[in-house]
Amino acid sequence: MLLLRRRMRAMTIEEFRASLREQVPPASLPPLLKALWWDGKGNFDRAHEIAQDEEGREAAWVHAHLHRKEGDPDNAGYWYKRAHQPHPETSVDEEWRQITTVLLHRQGA
């Protein structure tokens, strides 16, 4: 029996930003994108809750971004190291866009 995997089209960053007008994130988003969605809505606590419950480099990257945005450079530095990411020289808004774009692309891969 041949099993076919249906490839989902990745949401674009523009579609993701447009979804921020809603009250809740799209149900199809994986946890880290939901964390970034809540961050985009200005809800640090909800975003942080989700990010700290996830494992791996991508989770560490989101976690680092959140602590950088919060103004906690030491904690952010710890998480950037775990993520194997350099401390960004861009704005926090540009970093949010970068992480979101990468995770959206991987979701559709």
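This is a predicted model: local features need pLDDT of at least 70, side-chain atom pairs count only at pLDDT 80 or more; totals for chains, interfaces and linings use all residues.
**Helix α5**

I started with α5, residues 73-83. I looked up which of its residues are buried, and found Ala76, Trp79, Tyr80 and Ala83. Their arc around the axis is only 105°, so they sit on the same side of α5. I then checked the other side of α5. There, Asp74 and Lys81 are exposed. Next I looked just past the helix. His84 follows α5, and its phi is positive, near 60°.

**Salt bridges**

I counted five salt bridges.

I looked up Arg97 and found it partly exposed, at 30% relative accessible area.

Asp39–Lys69: this salt bridge is 3.0 Å, N to O. It also links distant parts of the chain. Asp39 belongs to helix α2 (residues 31-40) and Lys69 to helix α4 (residues 57-70), 30 residues apart. I checked how accessible each partner is. Asp39 is buried, with a relative accessible area of 3%. Lys69 is partly exposed, at 40%.

Arg46–Glu49: I read 2.9 Å, N to O, for this salt bridge. Both residues lie in helix α3 (residues 44-52). They are three residues apart, about one turn of the helix. Arg46 is partly exposed at 34% relative accessible area. Glu49 is partly exposed too, at 41%.

Terms used. Residues are numbered from 1 along each chain as its sequence is written. Side-chain values use heavy atoms; hydrogens and water are left out. Buried means under 20% relative accessible area, exposed over 50%, partly exposed in between (1.4 Å probe, protein chains only). Helices (H or I, at least four residues) and strands (E, at least two) are DSSP runs, numbered from the N terminus. The arc is that of the directions from the helix axis to the C-beta atoms. A salt bridge is a side-chain nitrogen of Lys or Arg within 4 Å of a carboxyl oxygen of Asp or Glu.
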